[in-house]
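Here are some notes to read alongside the model.

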Amino acid sequence: MLRQRWLGRVAYQDAHALQHGLFAHSADDHLLLLEHPHVFTLGPRGSLDHLLVDPVAVGAEVVHTDRGGDITYHGPGQLVGYPILTVPGKRGGGMADTVAYVHSVEQLLMDVVGDLGLTDVGRVEGLAGVWVAPDSPRPRKVAAIGVKLSRGRSMHGFALNVDPDLVWFDRIVPCGITDKGVTSLRAEGIEVTMATVVEAVMARAAERWGTEGEERAPR
């Protein structure tokens, strides 16, 4: 059973605690969808050298977390998704296939933004996420992905830029990538509400991860 919930705006630490609770105590699959207040997060191998401002001065917090990847930004106008799922193992074995899972999340988001009217999207070799104009001289990331798999279950997930203030990404080196930019649906000419994007994500998640049934909490 896939249980999908829109939580509104939630502090990063509170959402992280909820993820851990569901990971530890629920055998169901879950997708938590929400926004965060302004926060910079770093994975275990992330570098504070990639934080280019004093976070206090710009009204943000910094959180060291246990997902993969370098530094990233979360904030209003960005849809964050945390899938807590049982992930298939490699060739039927017990170890979860991280690469296949990341590609699954990327494909879900490519399908979502395609549904919303943004079609020139894809992958950039060696870099996780969803990119606009991936084969052009100026690919730009519209969705970031950072996951953790443990005991065949997933945590953390994705951040899809719907209409955040893109100035925030100038305050970091996003994901440690120095030569590529960040964009949003709005910056690419797709003007949709957060509610519309949430519904699009839930619909695609139900198709991909809800094969044994789905439940959506009331909005």
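**Notes on the predicted model**

1. Let me begin with helix α4, residues 194-209: its 16 residues at 1.5 Å a residue should span 22 Å, and the end C-alpha atoms lie 21 Å apart, which agrees. The expected span is 1.5 Å times one less than the number of residues. Helices (H or I, at least four residues) and strands (E, at least two) are DSSP runs, numbered from the N terminus.

2. A word on the ground rules. This is a predicted model, in which local features need pLDDT of at least 70 and side-chain atom pairs count only at pLDDT 80 or more, while totals for chains, interfaces and linings use all residues. Residues are numbered from 1 along each chain as its sequence is written, and side-chain values use heavy atoms, with hydrogens and water left out.

3. Back to α4, where the buried residues are Met194, Val197, Val198, Ala200, Val201, Met202, Ala205, Ala206 and Trp209. Buried means under 20% relative accessible area, exposed over 50%, and partly exposed in between (1.4 Å probe, protein chains only). The buried residues of α4 pack against β1 (2-9), β2 (29-35), β6 (78-84), α3 (98-115), β10 (153-161) and β12 (214-216), contact being heavy atoms within 4.5 Å.

4. Helix α1 (residues 12-25) also agrees with expectation: 14 residues at 1.5 Å each should span 20 Å, and its end C-alpha atoms are 20 Å apart. Tyr12, Ala15, His16, Gln19, Leu22 and Phe23 are its buried residues. Seen down the axis of α1, they fall within an arc of 130°, so they line one face of the helix; the arc is that of the directions from the helix axis to the C-beta atoms. On the other side of α1, Asp14, Ala24 and His25 are exposed.

5. Please look at methionine 110, which sits in helix α3 and counts as buried at 12% relative accessibility. Leaving out residues up to four places away in sequence, methionine 110 touches Val121, Gly122, Arg123 and Val130.

6. Strand β10 is largely enclosed by the rest of the structure, because 9 of its 9 residues are buried. Two strands pair if DSSP finds at least two bridges between them. β6 and β10 run antiparallel, joined by 4 bridges, with leucine 79 opposite leucine 160 in β10. Strand β9 (residues 140-150) is also antiparallel to β10, over 8 bridges, and isoleucine 145 stands opposite phenylalanine 158 in β10. β9 and β10 form a hairpin with 2 residues between them, and arginine 151 in the turn has a positive phi of about 55°.

7. Strand β3 (residues 39-42) pairs with β4 in the parallel sense over 4 bridges, and leucine 42 has histidine 64 in β4 as its bridge partner.

8. Which residues do ring pairs link into a cluster? They are Phe40, Tyr73, Trp168 and Phe169. Rings of Phe, Tyr and Trp (its six-membered ring) pair if their centres lie within 6.5 Å; planes under 30 degrees apart count as stacked, over 60 as edge-to-face and the rest as tilted. By this rule the count comes to 4 aromatic pairs. Phenylalanine 40 and tyrosine 73 form a tilted pair, 5.9 Å centre to centre with 55° between the planes.
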